[in-house]
Amino acid sequence: MKNCNALLIGGSAGSLDVLIKVLPNIDINIPFPIIIVVHRKQGTDSLLSELLSTKTALIVKEIEEKESILPGTIYIVPSDYHLLIEKDLTFSLDYSEKVNYSRPSIDVTFQSAAEVYGDKLVCLLLSGSNSDGVNGLITVESYGGETAVQDPLTAQVNYMPAQAILKAKIDKVLKIEEMANYINLLG
């Protein structure tokens, strides 16, 4: 288990249930930010942030343009924007074309973060119905970061994690009940 400067979690269909189960068990003193990229309908942002904030004592907030990335905070990527991580550790929101039929795209954010955090990045891909995130995990691995996926047998929709296992080098395959402990040990 490596020292982590940022944890990114990506997911689509079925991933919200996983987050609701995992967040209550994450240590409130984690020394890194958690950035969550999930596919969802436009306009549901504040609802997602509010829902997830009821599950943890950590600060949960929707990302704002040019905001500095702080440890011990859970950031939610707004719907209908791609998220880029800048070299000065700020966020940049982008409205370019959809990638894998998605905006935000998990691939775009994972790839951007890999370029900034290198081998101090950990990315976790959850349940979902398309292959968004797979190419991002391949990029993360090429920069020396750690890759993890939800065990497809525990996923509500197993296509996304199954594709990752098939096409990328995955360091950890995690059952839902193993995720919080895994995250807590990254610090």
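The protein chain has six helices and nine strands. The model is predicted. With 187 residues, a compact globule would have a radius of gyration near 16 Å; the chain comes out at 14 Å, which agrees.

**Overall dimensions and packing**
- Along the principal axes, the C-alpha atoms fill a box of roughly 35 × 35 × 30 Å.
- Of the 187 residues, 55% are buried.
- Take the contacts with a separation of 6 or more: 69% of them join residues 24 or more positions apart.

**Strand E2**
- Strand E2 covers residues 34-38, and five of its five residues are buried, so the strand is largely enclosed by the rest of the structure.
- Buried here means under 20% relative accessible area.
- Ile34, Ile36 and Val38 point one way from E2.
- Ile35 and Val37 point the other way, and these too are buried.
- In a regular strand, side chains alternate between the two faces of the sheet.

**Pairing of E1 with E2**
- Strand E1 spans residues 6-11 and pairs with E2 in the parallel sense.
- Five bridges link the two strands.
- Glycine 11 stands opposite valine 38 of E2.
- That valine is among the buried residues that point one way from E2, along with Ile34 and Ile36.

How values were computed: Residues are numbered from 1 along each chain as its sequence is written. This is a predicted model: local features need pLDDT of at least 70, side-chain atom pairs count only at pLDDT 80 or more; totals for chains, interfaces and linings use all residues. Side-chain values use heavy atoms; hydrogens and water are left out. Helices (H or I, at least four residues) and strands (E, at least two) are DSSP runs, numbered from the N terminus. The radius of gyration is taken over C-alpha atoms; the globule rule is 2.2 Å times the number of residues to the power 0.38. Buried means under 20% relative accessible area, exposed over 50%, partly exposed in between (1.4 Å probe, protein chains only). Contact means heavy atoms within 4.5 Å. Two strands pair if DSSP finds at least two bridges between them.
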